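Here is a short report on a two-chain model. Look over the sequence and the fold before reading on.

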Amino acid sequence: MSKKIIVPFGPQHPVLPEPIHVDLVLEDERVVEAIPSIGYIHRGLETLVAKREYPEYVYIAERTCGICSFIHGMTYCQAVEQVMDIEVPERALYLRTIWSEYSRLHSHLLWLGLFADAVGFENLFMASWKAREFVLDVLEETTGGRVIQGSCKVGGVRRDIPGKTLERMARDLDVFERELKDIAGVFLNDESIIGRTRGVGVLSRDDAYYLGAMGPTARGSGVGIDLRKTGYAAYGKLQFKPVVETGGDCYSRCAVRVKELFTSIDLIRQAAAKIPEGEIEVKPKGNPDGEYFSRAEQPRGELVHYVKGDGSKHLVRSRIRTPTLTNLPPLVKMLAGCELADVPVIVLSIDPCIGCMER
Amino acid sequence: MTRDAQETTLVERDHLIGIVEEFRKKGYRLVQMSCTKAGELYEINYSFDLDYQFRNIRIVIDGLSEIPSISGIYWGAFVYENEMYDLFGIRVVGMNIDFGGNLFRTAKKNPFANPTFRGEETCPKR
């Protein structure tokens, strides 16, 4: 048996947009154990509930993540609305659904670009991020913000999307979809992508389920959990099937995200066609008194916002459980037994969002 | 939107492991663990899910008590248990991976146990 050595991976690494550290215990070129450590960008956002009144805290919740900010804000609002028994207007629920799916598109395209970059496919990286610009332009046009939208509030949404704009958005999706099909074909069929990803970082179905994998990390291993199926926002009125792959490797996780782009486009089209006329918000009365675990499907998986109020303007507790935190134990499992050269691709395959995870 | 019923069952600390084992046998996945400070006590929530059915159990302890680790049943629980120690100072016994207080590298030890804001009151009156 060769001697074991420890190679530090991160916190700064070319494939990591944010800092995470993993101690890799190696025998020759093979990883026998991986020990993660985090804490480089912990901001203590959850404690700010003591400083901000509950309607204001949505701005803090949104800033938990710079990618899926809208879904953070929405999930927090859902939690408070459940505690306060607020009936959100149906149009607002559809608008939340539309913006959630645009957020998913922009997050997945961001990840696909980073992933292409990690496997050394620079043209694909540029094509993915060029496509992402279309999504960011729509978000900017409809909410005023490309990344932090600030359009969700307790009781509904702050902005409406006019009917004609919705029609145009649906038409523009046809062109966008054709562009995505070209990109998707490369991700799913190119030999250099397949060579770097197939059979790499395998996570079995049982491990994915019991270790707490969520989102594309779980669905790439055959676990068909998708919180959108619980019917929050307007998802209960829309038709879709969660994308599930069974390979359990980096290729499967990539394939899930590629195919989910088209699911999101379809959901936006359905929502734009079915959205009813009407109010977009109701004014909350009183203060939250009670507790609730609100769950939603982020691009990376299940997001949980727990809130507890005592009848005052300030919540007693906000707890945010992000999908990257729960995808950390599965990552440790994936890394054990892999080659050192595959570590960057495997780490990236869970789409780690460290700012989100550390809050 | 009608309010979804979410039940939280209060359990004794000594019964925790047996109850969590039952969840695992029934096929539930661990959704999350979290801690909430309630006066001088701490509420520890354990949330599970099976086919989108959400279940939550809770133990209540004082700050000096230890709680048993469930990482022998749900291996991935170590991230939540280390987080609870780092942020709240809750001591968890028997973790499969114990970071010894170094998972979250906070400038102040156990910052969520007694949160303060530089020069400000905890809840400013407006």
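Which residue in the turn of the hairpin formed by E3(B) and E4(B) has a positive phi? In this predicted model, that residue is Asp51(B), with a phi of about 50°. Two residues lie between the strands of the hairpin.

**Strand pairing in chain B**

E4(B) pairs with E3(B) and with E1(B). The table sets out both pairings.

| Strand pair | Direction | Bridges | A bridge pair |
|---|---|---|---|
| E3 (residues 41–50) of chain B and E4(B) | antiparallel | ten | Ile44(B) and Ile59(B) |
| E1 (residues 8–10) of chain B and E4 (residues 53–62) of chain B | parallel | three | Thr9(B) and Ile57(B) |

In a regular strand, side chains alternate between the two faces of the sheet.

**Chain A as a whole**

Chain A has 13 helices and eight strands. Its C-alpha trace spans about 70 × 45 × 30 Å along the principal axes. Of the 359 residues in chain A, 55% are buried. Among contacts in chain A with a separation of 6 or more, 71% join residues 24 or more positions apart.

**Where the chains meet**

Chain A gives 33 residues to the contact, and chain B gives 31 residues. On the chain A side, the elements that give two or more residues include helix H2 (69–84), helix H7 (205–210), strand E6 (289–298) and helix H11 (328–335). By class, that side of chain A has 14 nonpolar, ten polar and nine charged residues.

Conventions:
Residues are numbered from 1 along each chain as its sequence is written. Chains are lettered from A and ligands numbered from 1 in the order in which they are written. This is a predicted model: local features need pLDDT of at least 70, side-chain atom pairs count only at pLDDT 80 or more; totals for chains, interfaces and linings use all residues. Helices (H or I, at least four residues) and strands (E, at least two) are DSSP runs, numbered from the N terminus. A residue is buried if 20 or more other C-beta atoms lie within 10 Å of its own, exposed if 12 or fewer, and partly exposed in between; C-beta atoms are placed from the backbone. Two residues are in contact if their C-beta atoms, placed from the backbone, lie within 7 Å. Ala, Val, Leu, Ile, Met, Phe, Trp, Tyr, Cys and Pro count as nonpolar, Asp, Glu, Lys and Arg as charged, and the others, Gly among them, as polar. Two strands pair if DSSP finds at least two bridges between them.
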